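Below are my notes on the model, as numbered points. Please read them alongside the coordinates.

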Amino acid sequence: MIKTKGYAAASAKALLQPYAFERREPREHDVAIDIKFCGICHSDIHQARDEWGGSIFPMVPGHEIGGVVTAVGSKVTKYKAGDKVGVGCFVDSCRACAPCIQGFEQFCIHSPVFTYNSREKDGTPTMGGYSDNIVVDENYVLRMPGNLPMDAAAPLLCAGITLYSPLKHWQAGPGKKVAILGLGGLGHMGVKIGHAMGAEVTVLSHSLRKQADAKRLGADRFYATSDPDTFLKLQGEFDLIINTVSSPIDFDPYMALLKIEGSMVLVGIPEKPIQLAAFSVIAGRRSLSGSMIGGIQETQEMLDFCAQHEIACDIEVIPIERVNEAYERVVKSDVRYRFVIDMASLR
Ligand code: NAP
Ligand code: ZN
Ligand code: ZN
């Protein structure tokens with residue numbers, strides 16, 4: 001077994017604290033990775049605080065992992081020691097169901113094995129990237145772009161793919177008006193990627209505080225949702241709204257901002273069920289939909305797209321001792337725009 005250092009939450013009410021545990025030795029198809037950086041996703045906070053229910057403790061969160069391969073199993077063909085690699089939100093899936101075969105491993109009908117707060121096929125709880133190493137099957141490892149700094153590229157593994165996948169699926173591109181609702185970790189990647197795809201990008205944020213940032217990130221327009229005029233001015237405006245908001249909001253006024261047959265796609269995951277007036281979808285044949293991360297092949301495609309367009313995340317790098325403070329700041333929307341833990345602070 002591999003002795004591993006990390007940070008874990010012992011329960012939903014506990015702060016994250018240093019935690020020692022063991023990982024398996026690499027099997028034939030496994031890649032052993034020295035973790036250099038790991039992003040802090042709002043999903044880490046939801047799960048560490050058991051806001052979605054069913055959390056497994058102790059929990060080592062982290063699914064935006066950038067690192068370097070240290071060893072590979074005897075049958076590994078895709079990676080070798082020294083390669084720069086990434087690991088995202090899941091580390092295995094059944095590989096046999098229709099979604100897995102189509103490259104939608106994130107929608108595996110038996111559930112993917114998530115990177116943490118989940119169980120391996122043998123029942124072992126998975127432990128995530130707030131740690132110094134991880135062992136993952138080569139088929140669930142990504143190749144990191146050589147031209148992007150690894151700290152700023154690590155959050156692409158969740159924030160990047162979660163926005164790339166719906167933007168591509170709903171055909172963001174020239175002539176399309178896309179709104180990004182919520183300018184946080186996910187939202188800021190939506191602005192960068194949507195802009196690179198050629199769409200006209202509007203940010204809808206709860207105040208005007210982030211306006212200058214949004215322009216710098218590539219947004220064409222910016223509106224505060226705290227201003228009731230915003231909802232009058234933007235009636236029937238957008239082909240696509242990507243909703244990244246992590247807390248419950250009233251969806252109906254946003255549905256009215258869609259064109260006929262426009263779609264609002266949920267990627268934010270508030271803890272409570274949502275409510276929607278039937279008229280919000282009936283009028284204008286509008287759609288409310290959702291999207292969850294992306295498959296392995298699409299995640300690699302996203303990394304290559306970001307490399308080509310030189311897109312990475314805007315980050316604040318922290319030592320791991322500051323993780324609890326970072327959680328508080330994420331919850332207050334006080335992050336520009338992703339915290340990334342430098343794992344050198346753990347060694
Ligand atoms: P984040 O950095 O905290 O960003 C969320 C943004 O939502 C905030 O920056 C804020 O933007 C806005 N917001 C928060 N509370 C709000 C409120 N009460 N009213 C209006 N706007 C509010 O979080 P994140 O890491 O981007 O994650 C966002 C959500 O997506 C989380 O629920 C997370 O679990 C989920 N998620 C889903 C997937 C998926 O696959 N679907 C993947 C990763 C994460 P403004 O300041 O601009 O208003
Ligand atoms: Zn995430
Ligand atoms: Zn499957």
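1. Met292 lies in the loop between β15 (287–290) and α10 (296–308); helices (H or I, at least four residues) and strands (E, at least two) are DSSP runs, numbered from the N terminus. The model is predicted: local features need pLDDT of at least 70, side-chain atom pairs count only at pLDDT 80 or more, and totals for chains, interfaces and linings use all residues. Residues are numbered from 1 along each chain as its sequence is written, chains are lettered from A and ligands numbered from 1 in the order in which they are written, and side-chain values use heavy atoms, with hydrogens and water left out.

2. Met292 has a relative accessible area of 33% and is partly exposed (buried is under 20%, exposed over 50%, partly exposed in between; 1.4 Å probe, protein chains only).

3. Cys94, Cys97, Cys100 and Cys108 each coordinate the zinc ion (ligand 3) through SG, at 2.3 to 2.4 Å. Donors are N, O and S atoms within 2.8 Å of the metal (3.2 Å for Na, K and Ca); water is not among the atoms, so sites may look incomplete. Along the chain, the donors of this zinc ion (ligand 3) have the spacing C-x2-C-x2-C-x7-C. Cys100 and Cys108 are both buried.

4. The zinc ion (ligand 2) is coordinated by Cys41 (SG), His63 (NE2) and Cys158 (SG), at 2.0 to 2.2 Å. His63, in the loop between α1 (42–48) and β4 (65–72), and Cys158, in the loop between α3 (150–153) and α4 (159–169), are 95 residues apart. His63 is buried at 6% relative accessibility, and Cys158 is buried at 5%.
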